[in-house]
Amino acid sequence: MLFNSSEFVIFFATLFALYYFIFKEKTKSQNILLLVASYFFYACADWKLLPLLIAATLVYYGLGLAIFKTVGSRRATTLSTLGVVFGIAVLGYFKYTNFFISSFQTLFESLGLHTNWHTFKIIVPIGISFYTFRLLSYVIDISRGKYEPARDLVAFATYVAFFPCILSGPIDRPNTLIPQLQKKRIFDYALATDGLRQILWGMFKKMVIADNCAAMTGIGADYMNCSGSTLLLGTLLYTLQMYADFSGYTDMVIGVGKLLGFQLTKNFACPLFAQNIADYWRKWHISLTSWLTDYVFMPLNIKWRDWGNWGMALSIIITFVLIGSWHGASWTFVIFGLYHGLLYVPLILSGGMFKKTKIETGKWGFPKLKTLAKMLLTFFLVSFGLILFRADSLTQAWNYLGRIFSASLFAIPAISEMQDKLIMSFFIAILLLVDWVNRDKQHGLQMDNIKSSVVKWLIYFSLIVIIWAFGGSQERFIYFQF
Amino acid sequence: MKIFMMKVLFFATLLLAGAFAIDFMLEKGLKKTGTGEFSTWNAIFSSNINADAIILGSSRALVQIDPEILDTTLHVNAYNLGMDGYPFSMQYVRYKIFEKYNKKPKLIIQNVDFMTLFRGTPINKVQFAPYMHEDVLKKELEAMGISETERHVPASSYYSEYATIVKGVSEFFNLKHFPSERYKGYFGQDKTWDGVDFQKRLAQDSIVAEKNPEIVNLFDSFLKECEASGVQMVLVFSPQYIKMTEFTKNRDTEMQLYRSFAEKYNIQFLDYSDDPLCYDTTYFYNAMHLNKKGAELFSLKLAKDIEIQQ
């Protein structure tokens, strides 16, 4: 059930009516409703693996209580370690079993040892990477004494399965969402209208930008017949597609959350304007980056603090290899993570890693040339990383890169249906402009400065007409695969 | 909450009213246009086709059989109802609508190929948008998997179709008229051979022509219907690039099926799958379609063969 589908509109309208009219101000009933709706939503995507989600919820609910009872003791540490190992084992089984089998097989065969292993037919549960991380942070934080476990099973189960975030995040921490689930929720007009605006903006990003870019970036197996310039253009457009797809989805998620009275974790902060790689990861998929920073990078960095910058570099590289691997079981993702980790090294050595970058603007409010150059360099570096991200194999990524940097890089890119592309460029320019102007706000359609309702409504209707007339063929959200 | 709901309802009402208005405007506008598939649909619905011979089929009928040549040779008034990208089930729908609004033809030239009897997914769906009131069309689109929303929500079938929207609006306000690029439904292609598409197909091991039993039955009943109503039927397998034919694994079985239909209803089956034209890429623009030069040669050959048999 895609957020931009008519099925979702019917589902959500029903839920909204029940939530605010029938179960008005009854927190417990509202939570039960949200839980049922979340399980229904999940079952629509993958009903066979719903029991796994429920079982994981029950296990971690019990673990949370047990850890809290003995917090500070060895037993609590053992239990939380058990929770982490169990979570990683389940995630590992579903996502990485076949990867390890085939990798070891290749390794042994390269050493001349014959193996007779075969891979399994394993269906990866949708959203497992997202809800596993929620569960892990829950037990780790309880064992660290950061907060008390949820006594209310319904609230906890709703936190784990909360339908707007279950498929592709954001990965809300327990202390962000559980307290909101436990307190009384009354309808907030300003929050709800802002939520609707954010949904509309997310739909524009997804349906107009991402779905249209998809038609231009889907080079597939035919890439060796394309010129280097065409591939380069596709590579750069894929970065835009990825951003519009994932941040558009997240805008819709957060908007849906706001309509139900929740403030979910912000996941993007205009990453296309990042001035270096550290800045980029502070603005891109924030909930994942901050999760791994807290639970992987920080402990490693503390452990290796005596090694100075090299210890930090190693911690960062390990963290990014994990970020890469989190996306999927393939060497391309591992190398994608390693590539990003290595991009940090010059920053660490120059002491610029934790420096907050300030956007310097010129007379007209646009970035200064030096700032723009840094943004473009970061954009190019990220775009090249995404070649690994979407390649089927390392060989393909390497050949793809080789094809880009061939003599055909200087050929005119093969662009069919020029009119479509010009219109597309216009909408990309609008996206960048709106993002730029609203870079310090929560989302592109936050209209604090516009007082006139007529202007606001004109903007809404214009966006709807643009989505209707120029929306692309409805593609699946890229991050659903993770 | 009350204010919010009122505003949402008001917004939704305005949106719905706008959708109805746009839908109306586009329907009226596109019914006047001559562009693309609309030209043939509009000719059918306006009862303007006074043809005694019609050509049915997919794009291979649309771009390969020139009615002007048939007119001259056979002394008939022919019209090409070929539909790009659609198998027989939709070709039949077009024929049924044609029959409803126009006089019955004396001769039907039915182009067949390896994709005639399968059920595909709809392409260029917007061509149907102004005519969704036709039950037979709605039913077939439903069978092809078109969504409920597209069938029932006003203006939703124009989603993503900005070029068509612009044309519809321009026609509605009489700002610009888009004339037809076709002659009596025929859409000759002045192009030269482009091997890219063929190379892509060759990347596969082979092609297996698929059939849908429902569509095979429909084809059978169509032939029976024509026999009963005294309409002369000619089945034609028009030329395609020979390597493409050879690449189709089950070609003999498929051909046999058409032969058995011809035998069963005692109708002509003109098979050009091994015609000399099929061996020369000069006459094609891709492996499945003749270019204008090839189409003209083929149309003449076809007309003469039909004349001989008559």
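Helix axes here are lines fitted to C-alpha atoms over the stretch in contact, and the angle between two of them runs from 0 to 180 degrees between N-to-C directions. With that in hand, the packing in this predicted model can be read pair by pair.

Chain B comes first. Helix H1 (residues 2–30) of chain B packs against helix H8 (residues 162–172) of chain B at an angle of about 80 degrees, and their axes are 7 Å apart. Angles of 65 to 115 degrees count as roughly perpendicular, so that is the label for H1(B) and H8(B). On the H1(B) side, the residues that meet H8(B) are B:Met25, B:Leu26, B:Lys28, B:Gly29 and B:Leu30. Facing them from H8(B) are B:Ile165, B:Gly168, B:Val169, B:Glu171 and B:Phe172. Sorted by class, this contact holds six nonpolar, two polar and two charged residues.

Another pair in chain B is made of helix H5 (residues 88–101) and helix H10 (residues 213–229), which pack at an angle of about 35 degrees with their axes 9 Å apart. The crossing of H5(B) and H10(B) is left-handed. H5(B) brings B:Phe88, B:Ser89 and B:Tyr92 to the contact, while H10(B) brings B:Ile215, B:Leu218, B:Phe219 and B:Phe222. The tally for H5(B) with H10(B) is six nonpolar residues, one polar and no charged.

Over in chain A, helix H5 (residues 128–143) has 16 residues. From its first C-alpha to its last, H5(A) reaches 23 Å, close to the 22 Å expected at 1.5 Å a residue. Is this helix enclosed or open? A residue counts as buried if 20 or more other C-beta atoms lie within 10 Å of its own. In H5(A), 15 of the 16 residues are buried, so the helix is largely enclosed by the rest of the structure. Just after H5(A), A:Gly145 takes a positive phi of about 75 degrees.

A:Gln481 sits in the segment after H18 of chain A. This residue has 12 other C-beta atoms within 10 Å, and 12 or fewer counts as exposed, so A:Gln481 is exposed. Its C-alpha atom is separated by 28 Å from that of A:Ala429, 52 residues apart along the chain.

Finally, the two chains meet. Their contact takes 12 residues from chain A and nine residues from chain B. On the chain A side, helix H1 (6–22), helix H9 (189–217) and helix H18 (453–470) each supply at least two residues. H18(A) gives the most to that side, with four residues. By class, the chain A side divides into eight nonpolar, four polar and no charged residues.

Key:
Residues numbered from 1 in each chain as written. Chains lettered and ligands numbered in written order. Predicted model: local features only at pLDDT ≥ 70, side-chain atom pairs only at ≥ 80, totals over all residues. Contact = placed C-beta atoms within 7 Å. Nonpolar A, V, L, I, M, F, W, Y, C, P; charged D, E, K, R; others polar. Left-handed = near helix turned anticlockwise from the far one by under 90°. Expected span 1.5 Å × (residues − 1). Parallel < 35°, antiparallel > 145°, perpendicular 65-115°, else oblique.
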